[in-house]
Amino acid sequence: MKIYADNAATTKMSRDAIDAMIPYMEEIYGNPSSLYEIGQIAKESLENARARVAKVLNCEPREIYFTSGGSEADNQAIISAAKIGERKGKKHIISTKFEHHAVLHTLNKLEKEGFEITLLDVHSNGVVTAKQVEDAIREDTALVTIMYANNEIGTVQPIEEIGKVCREKNVFFHTDAVQAIGHVPVDVQKDNIDMLSLSAHKFHGPKGVGVLYAKKNIFLSNIIEGGAQERGKRAGTENLPGIMGMTVALEKAVANLDNYTVKLLPLRDKLIAGLDKISYSELNGDRDARVPGTVNFCFEGIEGESLLLLLDDKGISASSGSACTSGSLDPSHVLLAIGRPHEVAHGSLRLSLGEDTTEEEIDYIIKSVSEVVDYLRNMSPFWRDLVNGKRPHVFAE
Amino acid sequence: MALYSEKVMDHFRNPRNVGVIEDADGVGEVGNPVCGDIMKIYLKINDAKVIEDVKFETFGCGSAIASSSMATELIKGQPLEEALKLTNKAVTEALDGLPAHKLHCSVLAEEAIKKAVKDYYDKNGIEYDPADFPEDHDCEHCHVH
Ligand SMILES: Cc1ncc(COP(=O)(O)O)c(C=O)c1O
């Protein structure tokens, strides 16, 4: 059996999205900035896509900027708000400890440039509250940036409430909604969002294309300088095939959201219940405040990379927050942020389901993970010490 | 997976000498759970100072398990003197290489063996030059403490 359970990393493109791209490579390949016919048709398609994306997010077309993906949108949103703040003498930014690196590394850069960054703690259930945000906002706060849904553990944040607090305090609010769009309802008006990032490859669109939504009163700073594309805010000939594929994928994902949720919730909860039966394991993040597809567990006494390799042998593609898989010395900053000790964070597993996931696959995943965890524990001196009481357990049995 | 050589994957999937020797003559454990890898080597040593049997237990990534497996294969049946000459480089080479950020796994394997031999020397009152053995460090390869 081959099971792709890493949809939070990226998704398979939908047929519709691929079909939407092809004419823009074969026929309408003109540059939207050119004045002859295929250039102008391309331009019309681009603006049509912008209007359709705006409709999905519930904003105006001119508030949509096409980017190369989620990372670029995050960078531009944060830097733009920082620059606006700086001009008014506001150099404080609020975020959380478990953001994506596209946000955290941009904030690090700003910190070196003299900004003061407050990274809010994340509760052990993987949620940040509006109250925390309210308490952290100061006179000189230029921006609050908090992700809509976390990419590793899948928890959904109370974005509408956080947005409301920011509106009341007159502070810009950006949210990285890369893991939320197509998984939970998102509406920039209702959710009080000033800026939002999304990325096409997380909802069955192409890689290397995304969107920055920025409310019309926000003056964006360029990350990429050059031509006058995207109203002068993002230079570079537009990735029209990508934008067309993304637009179709976005419309489809959002239109299908109810069906997707109804289908996935029972599968997700079955997976959680099945993995819960493994001794000394624990779900990471709140049981309910989570996207329908993402499940993340820690298992005591084992290390995540060896778990992934053996699951791969069984045909299951998944991911982990262990240091060995993150390519750094520390395990996932997200798991550390929700209070998992290092030794437990090394033994994490993320399974992110998709619309094609079946119940049979869930059964197979539960069985395979249980077998592999058992096998690895049997050769683990760490596990032996836990069993013998030489080291303390972190989780209850 | 292209991350590892076929040799590494073979030793990872079918590790040799996994287990425990209850009445081991020397036991060496290195690494710690915070760093994400622990290796434990058990040696059975006969009167002729030959490693008659060796077993290992490892908590760690694919290359940690493969390095332990390969290291135990390389020293099994060898005189102690030879086992002490085993370097992390030899383990890495025998595995047809490891990715750069995984080299420390082979270092752990070398150190676990040395530590097990030292334990044997200590238990049997055999003199040795402490300089030949790695310092007992908790967390050389990671700095999370
Ligand atoms: C929460 C989050 N933000 C940002 C990104 C980056 O998006 P992209 O790969 O399109 O740059 C990702 C995806 O890896 C993500 O999960």
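**Figure 1. A salt bridge between Asp313(A) and Arg13(B).** In this predicted model, the side chains of Asp313(A) and Arg13(B) meet in a salt bridge, 2.5 Å from N to O. A salt bridge here is a side-chain nitrogen of Lys or Arg within 4 Å of a carboxyl oxygen of Asp or Glu. The rule finds four salt bridges across the interface of chain A and chain B. Over all chains, the structure holds 40 salt bridges.

Residues are numbered from 1 along each chain as its sequence is written, and chains are lettered from A and ligands numbered from 1 in the order in which they are written. Local features need pLDDT of at least 70, side-chain atom pairs count only at pLDDT 80 or more, and totals for chains, interfaces and linings use all residues, while side-chain values use heavy atoms, with hydrogens and water left out.

**Figure 2. The interface of chain A and chain B.** Here 24 residues of chain A are in contact with 30 residues of chain B, where contact means heavy atoms within 4.5 Å. The area buried between the two chains is about 2,300 Å², and carbon and sulfur atoms give 63% of that area. Buried area is the accessible area (1.4 Å probe) that two parts lose on being put together, summed over both. Leu309(A), Met379(A) and Pro381(A) supply 26% of the area that chain A buries against chain B, more than any other three residues. The rule also finds 12 residue pairs in polar contact across this interface, both residues at pLDDT 80 or more. A polar contact is a pair of N or O atoms within 3.5 Å; within protein, one must be able to donate a hydrogen and the other to accept it, and residues adjacent in sequence count only if both atoms are side-chain atoms.

**Figure 3. The side of chain A that touches chain B.** Four elements of chain A give two or more residues to this side: α10 (304-313), α13 (342-345), α14 (359-378) and α15 (381-387). Helices (H or I, at least four residues) and strands (E, at least two) are DSSP runs, numbered from the N terminus. Which element gives the most to this side? That element is α10(A), with six residues. By class, this side has 10 nonpolar, five polar and nine charged residues. Ala, Val, Leu, Ile, Met, Phe, Trp, Tyr, Cys and Pro count as nonpolar, Asp, Glu, Lys and Arg as charged, and the others, Gly among them, as polar.

**Figure 4. An aromatic pair of Phe382(A) and Phe59(B).** The count comes to seven aromatic pairs over all chains. Rings of Phe, Tyr and Trp (its six-membered ring) pair if their centres lie within 6.5 Å; planes under 30 degrees apart count as stacked, over 60 as edge-to-face and the rest as tilted. Phe382(A) and Phe59(B) are edge-to-face, with 4.8 Å centre to centre and 65° between the planes. The pair joins two chains, because Phe382(A) lies in helix α15 of chain A and Phe59(B) in strand β3 (residues 51-59) of chain B.

**Figure 5. Domain 1 and domain 2 of chain A.** The domain assignment, which is automatic or from a database, gives domain 1 (3-9 + 257-387) and domain 2 (15-255). The C-alpha centres of these domains lie 29 Å apart. The contact takes 23 residues from domain 1 and 30 residues from domain 2. Between the domains the count is zero salt bridges, but 16 residue pairs are in polar contact, both residues at pLDDT 80 or more. On the side of domain 1 that touches domain 2, α12(A) gives the largest share, four residues.
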